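Here are my notes on the model, point by point. Please read them with the structure open.

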Amino acid sequence: MKTLTVFFRSVRDEWTRVLTRAPSVVVILVGLPLFYPLVLSWLYSADSVVERPVAVVDDDRSALSRRIAFDLDATPEAAVVLRPATLDDALRDLEEHRVEMVVWLPPDLSARIAHREQADVRVWVGAANVLTYGIGYPGIVNVVSNLNAEIGRDRLVVAGVAPQAAANRVLPVRTDTRIAFHPTLSYGSFLVPGILLLVVQQLMLIGLALSAGYQREKGNASEGASERPWAWLWGKLAGQAAVHVAGMLFILLVVAPAFGWPFRSTRSVLALFGLFMVATAPMAVLFARFVPDRQAAFQVLMYLTVPLLMASGFAWPRDQMPTWIRDVSSIFPATPALQALRSISMRTGDLGVVRPQLELLGWQAAGWTLLAAFAAGIEAIVRRVSGRVSVPSP
Amino acid sequence: MSLLKGSLLDFLRGIGGQVRLLVATPRYVVILFLLLGGAWLTADVYRERVVRDAPVVVIDEDGSHLSRTIRLFLGTCRELRVIDGSAGGDREDLTSGRVAAIVRIPADLSTRIKRGRPADVLLTVDGSNILVARNVMKAVAKAVGTVSAGAELTVLGRLGVTGDRAMATAVPIALVEDTTWNPSTNYTIYLVPGLLFCLLHVYVLTIVSSVFLAGGPRGASRRAGALVVCLAAGFAIGLLFLYAYLPRLGLASSSPAGVALPLLLAFLGTDTLLALAISAVVPRPLTALQITIIIAMLSLMLSGITWPLDRFPPLLAAAGRAIPFTPFISAAQAFLHRPTALAELDGHLAALGRQAAAFGGIAALAASVRLAIGLAARRRAA
């Protein structure tokens, strides 16, 4: 049977024998783009981390110490939730995760300030979670900095400097910070778009492998599939393509706007996702060739998500990764796609800026297609020589 | 007696069959390879531990001693790699991601300071990667703040305020920071244990759930033997992570094995019961496997190690607390990073115990219902 005949028959059978008859496949093809994006978007819907719980131990009990506690509680970064009687109690609260930071105001705090000496405020921060540390700690730093400026100004006035000049002399060089592209530095907007892209990848990989596994289990693969397994798989992929695209459109045009995930230009993001899917398609075919049944699709392919996200450079700078990880991860379409997504979701909608990543996606599409063709060629030779294959055929 | 012997033999056959399955079946070997390889790769991503050498363009329009000092201080920050401003520094560099930030030192900086006026150093930072942006902002603020304090001390010296008095005027309240459990705000400590044990969690749930698939061991004794092997395999890999993978990254457990191992065992045992409960409740084994893996994949997000639980919608927070990975990784953050006694983690053990009781109860109830239905059907048939 000719390759094209097998291909078109497989496209048709994907709808008549799988998508209308195999609930286990349909549940995943529909459930994956519905369930994961919605749950993850809901999980991160608060977007920013604020009001980190703080315990203040006030052993000074002065107006100054009360002011520090009050100012700290007034910041968006921290909330004073506990006022333990002793430092030991507070540190226990920190160890048992009731608070993320302990601020100790020592008994001589106001006395030292009154005597124009330097006073210490001691802070214990649970830095095991860098995200919450990065929010809560700057809260106390800002409170103390503002107070220092105020006290320093008063001391200069006492030293004989005019009030206005004293204000100018306190911390004379300041940093005026402008945060470009993502002024809130919120975590949800930073993370979720990347996960949405990986959901599309998993939809394609698992969807195709699951469908192929189903037909292999049931023995109802299209006619000619045994002789032309690769054409059969490409046909299945083409048959599923409408479902994949629908899933991708639902994620980008429904979920992302509903939760306010940032995309500078919908058109650019659609183009990027489209190219990403083209590059992922031959990879999905290659993987599906080695999946014997439905279980294997799930058991094996789920492991790809976490390492691919971590190695892509989406969160951690790629130039700080070992060379071998950069080399391995550059094989997978998720890497350039996630890098490009970082740009066009936050920085600019201009695809020209991410041209190197788009070119790499194009090369990967070609490379994976060639690899799939090469595997098909090897299999054909092995078949001819030995009359059998070691990989499962329908 | 012969019933007991038969059960024991079946139990041993279950053990033997599951061992063969896990180490000699291509599919399970591939899963094991993906687990160990994926964990190795994930851990190695964070080998540098902290953000360093973020490219920052410094445009020094002042060219004074003060501005050169700022530039020097910026250059000494581990987080920054200073790039000469003449090589670029426009918005396009930020848009393309070539640089992480631009620091512009204004032309009148030193003049303003000399005239007793404050001056601003303008930092424009690329906020699209919040991790890099926060580190850059912190480093620049520290460098500029240090120079600023120096400038203030110089002014105080001219006013006759020197030594400790000057320091007490410039910085009346010193903030002494004790970064408990993670002194250098190391990202390896923050993320790697969670990622590794989450992969182990996925693995254990997968292999336990797979015991109930068609072709798996039949009968309670054989299945019990297979489950013991799943638990043992998870425990062995957990030991590998604890005593080989993590120490390789400088993350040796601060607590003795007497603390870490009971928690690991309790976690894996509860995981086994979770997969068992899902398999008992969901009639189709394949659907049970799918549900189990979907729960497993969400566990990292739901555990609260990256995104704090108090920012979750209440329903998802409750779901997170019901997954064994959540109390385990919370306990691991304690016992890995500081010397901890087992008694200090009794809250986490109690949470795992409650989960284990609930999952075990659900599994037993579902099994009883199935048994009752089977008996009723048999009676009707008789």
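1. Buried means under 20% relative accessible area, exposed over 50%, and partly exposed in between (1.4 Å probe, protein chains only). By that rule, B:A166, B:A168, B:T169 and B:A170 are buried in helix 7 (residues 163-170) of chain B. Helices (H or I, at least four residues) and strands (E, at least two) are DSSP runs, numbered from the N terminus. The buried residues of helix 7 of chain B pack against helix 6 (130-158) of chain A and also against helix 6 of chain B. Contact here means heavy atoms within 4.5 Å.

2. A word on the basis. This is a predicted model, in which local features need pLDDT of at least 70 and side-chain atom pairs count only at pLDDT 80 or more, while totals for chains, interfaces and linings use all residues. Residues are numbered from 1 along each chain as its sequence is written, chains are lettered from A and ligands numbered from 1 in the order in which they are written, and side-chain values use heavy atoms, with hydrogens and water left out.

3. B:S148 deserves a look. It sits in helix 6 (residues 130-158) of chain B. B:S148 counts as buried because its relative accessibility is 0%. Leaving out residues up to four places away in sequence, B:S148 touches A:L171, A:P172 and A:V173.

4. Which residues of helix 11 of chain A are buried? They are A:R294, A:Q295, A:A296, A:A297, A:F298, A:Q299, A:V300 and A:L301. That is eight of the eight residues in helix 11 (residues 294-301) of chain A. In chain A they pack against helix 2 (23-43), helix 8 (187-218) and helix 10. In chain B their partners are helix 2 (26-45), helix 8 (187-210) and helix 11 (285-302). A:D293 caps the N-terminal end of helix 11 of chain A, with a side-chain oxygen 3.4 Å from the backbone nitrogen of A:Q295.

5. Now helix 9 (residues 229-259) and helix 10 (residues 266-289) of chain A. Their axes come within 10 Å and cross at roughly 150°. Axes are lines fitted to C-alpha atoms, for helices over the stretch in contact, and angles run from 0 to 180 degrees between N-to-C directions. Helix 9 and helix 10 of chain A are therefore roughly antiparallel (the term covers angles over 145 degrees). Their contact has 19 nonpolar, three polar and one charged residues. Ala, Val, Leu, Ile, Met, Phe, Trp, Tyr, Cys and Pro count as nonpolar, Asp, Glu, Lys and Arg as charged, and the others, Gly among them, as polar.

6. Helix 10 of chain A also packs with helix 14 (residues 334-347) of chain A, at about 180° and with axes 10 Å apart. This pair is therefore roughly antiparallel too. Helix 10 of chain A contributes A:S268, A:V269, A:L272, A:F273 and A:F276. Helix 14 of chain A contributes A:A334, A:A337, A:A340, A:L341 and A:I344. By class, the contact has nine nonpolar, one polar and no charged residues.

7. Check two backbone angles. A:R116 is not a glycine, yet has a positive phi of about 60°. A:R116 lies in the loop between helix 5 (109-114) and strand 4 (119-126) of chain A. B:R49, also not a glycine, has a positive phi of about 70°. B:R49 lies in the loop between helix 2 and strand 1 (54-60) of chain B. A:R116 counts as partly exposed at 39% relative accessibility, and B:R49 as partly exposed at 33%.

Conventions: Parallel < 35°, antiparallel > 145°, perpendicular 65-115°, else oblique. Polar contact = N/O pair within 3.5 Å; in protein donor to acceptor, adjacent residues only side chain to side chain.
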